[in-house]
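This briefing sets out selected features of one protein model, grouped by topic. The sequence and the structure are shown first, and the points follow.

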Amino acid sequence: MRRLLFPVVLVVLAVGLWLSNDLVEIAAGIALFMFGMSCLENGFNAFTGGTLEGILRKSTNTKFKSICFGAASTTLMQSSSLVSLITISFVSAELISLVAGIGIIMGANIGTTTGAWLIAGLGLKVDIAAYAMPMLIFGVILVMQKPKLRKASGYLLLGTGFLFLGIHYMKDGFAAFQNSFDLSQYSIEGLLGILIFTLIGMLITVVMQSSHATLLIIISALAAGQVSYENAIALAIGANLGSTITAILGAIAANLGGRRLAGAHIIFNIVTAVVSIALIDYLIMLVDLLAKGLGIAPNDYLLKLALFHTLFNVMGVLLLAPFMSYIERFLIRFIRSAPTSIEQPLYLQASALQTPLTAVTAVHKEVLHLFDNAYGLLAHGLSLSRKTIDSDESLTEAVHNTRRIVQLDVDDAYEDKIKSLHSEIISFIGKAQVRETPHQSSEALYALRLASRHIVVAVKGMKHLHKNVSRYGISTNPAIRERYDHIRLRLAKLLRELRLLTEQADHSSSDVMALSLDALKVSQEKMSQTLLDELDDMIRHQRISASVATSIMNDDTYVNDIANSLLQAVRVLLTHHHHSATQHMQLNDAEIQQLAESPKE
Amino acid sequence: MKAKTLLAKLSLFFDDNIQGKKREIAALKKLLKQLKAKEKDWQEKLKSLPQGEAFTELEEKILVIHLQRKKGIERLNSLKVSLKK
């Protein structure tokens, strides 16, 4: 259907352009306007390497601030879609809360109304095409420069220039169109008119994928007298509702955070539109009253439309802002990810690729998620529950009191919980590295890929270890049982310590925690040496057979591999985000060995 | 300020290597302070612990942190010397 529709639309458009010169001007105006918006997005995207993220994080710690941030950033960028995209990527990466994201989306709805003021107040009254030309000239010169900031400034100038030029063409196109065809004869009065024109406004926005462009058409048509003021108001309400459809379309491909934010957008737009339609007569009266106060002439319908647009969006925010926390809870409750047996990544969404910071944060959280899965799998592999390791319970007793070894299909668990996630991490990092990333982010991504690999190696080690733990773990020979208890206790202790450390992976003193891994290394090394010493003694006194002793020695090697891999992975998770000062303080292998060999007293 | 002094100060400011060392010194100082506090805390805790597994484990941790601090101080001194040069 879609494949057929696209060429049909192109042919209809081509015929329309061939038959009507006025339509050429109007369509060219829309095309230039939309291209201008795309240039502006390109320009602002260049600033998303740190500056914008920094501002975003600081500006969203209260509901009021997040609404103001949404309004200010959309006013500045004249693109609510770019603001929404960045917000979605931040909510997905959990850099900001969902409630802050809802605030930004609400603010963006107010910010987007400044576009109407720009078009109505300036665009159609001043010859802005005259300003557009120098902007385009300087814009092109700057775009041809190599430095990133100059290029971005060039795109911003080009974007503004094309916006202005688009407005100019639309204005001329509609003025000429008025002479040949009068659309105003189709105006409809009353509630029916409001509903029909709201629907038309919605349809135009869905086709154009931009409420900004729809507003430009509405204001140009109103200026040319092609639509009545009341119908233009309904079209503006429709434009807002239309952006809901684009939000729904965007949410289909988005992650959980994106879908919840789209949900907030839908709630906001529908509630605002319904209330506006219900109170339309009062709102028009209020606009007249405010227009009088602001010195807007009673017949200046362009500015009155812009005022209405702002007013009804502000009304929506005032209406819903007190309920932001309720909306957040509602969205979290009703928009959830579908449960599957194969582990799905929680943070690796396309939106997180938007900026280097969100990409690194998403990968970091996903590797933590992978670690969490591995932790559960390793605990089960030792026949201990996660609950036991998470608690303060004595591990020595828990290990000693084990009466049954849990038979775990490590291969299956590895395929479902580890391999799929590891592959997704590798693929996501590949995509992130294709993009232009700062050196520090590239290094962080490389380190995180290695950490993910270490976790996989640890789980593979458990695959081998689990066979003998199942076989000898509750052996009736106390000497063998004690050795396997020792092995299980050694790993369980490590898991508990690492769990505590990863829970605080974002903590400011993560360097101190990373250094504490050395003490764990020493302890692991010591336990391994104790086991091997005891084993020698037992072989000498023939308390265990040589073949069982060999198995224990092999298993000790697996435990060493698991422990080292986990320690390396956690070190990266604790220090990936900054240039760590721990590099020269970490103990080397010889120092660890020496400490492990030193006598206890 | 004379132009020559100003230029010298500016070149120092823009020297990535020097700025990097200064950043590392600041980070090391902060980290050493945190480790010192932690070592002190643990030593206090050790006094109240009876001999046993927990005592030995904490003793081990103190030994490790002490060695790490020693290495950190050495690094800090070498950085300071190289900056003076």
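This is a predicted model: local features need pLDDT of at least 70, side-chain atom pairs count only at pLDDT 80 or more; totals for chains, interfaces and linings use all residues.

Thr272(A) is buried, with a relative accessible area of 1%. Chain A comprises 25 helices and 0 strands, and buried residues account for 53% of its 601 residues.

**Thr272(A) and its surroundings**

- Thr272(A) belongs to helix H13 (residues 256-278) of chain A.
- Apart from neighbours within four places in sequence, Thr272(A) is in contact with Phe312(A), Met315(A) and Gly316(A).

**Overall organisation**

- In chain A, 80% of the contacts between residues at least 6 apart in sequence join residues at least 24 apart.
- A search of the whole structure returns 0 disulfides over all chains.

**Annotated transmembrane regions**

- An unreviewed UniProt entry places the feature "transmembrane region" at residues 82-108, 128-145, 152-170, 190-208, 213-229, 235-254, 266-285 and 305-327 of chain A.
- For residues 266-285 of chain A, the end C-alpha atoms lie 27 Å apart, and the span is 95% helix and 0% strand.
- For residues 305-327 of chain A, the end C-alpha atoms are 30 Å apart, and the span is 87% helix and 0% strand.
- Leu286(A) is found in helix H14 (residues 280-294) of chain A and is partly exposed, with a relative accessible area of 38%.
- The C-alpha atoms of Leu286(A) and Leu311(A) are separated by 9.0 Å, although these residues are 25 apart along the chain.

**Nonpolar cores**

- The largest nonpolar core holds 89 residues, and the members that touch the most others are Phe33(A), Ile102(A), Met106(A), Ile233(A), Ile237(A), Leu305(A) and Phe308(A).
- Helix H15 (residues 301-320) of chain A makes the greatest contribution to this core, with 11 residues.
- A second, separate core of 77 residues has Ala432(A), Met462(A), Leu520(A) and Val559(A) among its members.
- Which residues does Ile102(A) contact, leaving aside its neighbours within four places in sequence? The partners of Ile102(A) are Leu261(A), Ala264(A), Met324(A), Ile327(A), Glu328(A) and Leu331(A).

**Aromatic pairs and charges over rings**

- The structure contains 6 aromatic pairs over all chains.
- One of these is formed by Tyr229(A) and Tyr301(A), a tilted pair with 4.9 Å centre to centre and 35° between the planes.
- Tyr229(A) lies in helix H12 (residues 229-252) of chain A and Tyr301(A) in helix H15 of chain A, so the pair ties together parts that are 72 residues apart in sequence.
- Elsewhere, the charged end of Arg499(A) sits over the ring of Tyr375(A), at 4.5 Å from the ring centre.

- Most residues other than glycine have a negative phi.
- Ser383(A) is not a glycine, yet has a positive phi of about 65°.
- Ser383(A) occupies the loop between helix H17 (356-381) and helix H18 (386-390) of chain A.
- Is Ser383(A) buried or exposed? With a relative accessible area of 11%, Ser383(A) is buried, because this value falls under 20%.
- Gln542(A), likewise not a glycine, has a positive phi of about 55°.
- Gln542(A) lies in the loop between helix H23 (510-540) and helix H24 (546-575) of chain A.
- Gln542(A) counts as exposed, because its relative accessibility of 70% is over 50%.

Methods: Residues are numbered from 1 along each chain as its sequence is written. Chains are lettered from A and ligands numbered from 1 in the order in which they are written. Side-chain values use heavy atoms; hydrogens and water are left out. A nonpolar core is a set of buried Ala, Val, Leu, Ile, Met, Phe, Trp, Tyr and Cys residues joined through side-chain atoms within 4.5 Å. Buried means under 20% relative accessible area, exposed over 50%, partly exposed in between (1.4 Å probe, protein chains only). Helices (H or I, at least four residues) and strands (E, at least two) are DSSP runs, numbered from the N terminus. Contact means heavy atoms within 4.5 Å. A disulfide is a pair of cysteine sulfur atoms within 2.5 Å. Rings of Phe, Tyr and Trp (its six-membered ring) pair if their centres lie within 6.5 Å; planes under 30 degrees apart count as stacked, over 60 as edge-to-face and the rest as tilted. A charge sits over a ring if NZ of Lys or CZ of Arg is within 6 Å of the ring centre and within 35 degrees of the ring normal. UniProt positions are given in the numbering used here, feature names are shortened, and annotations may be inferred rather than shown by experiment.
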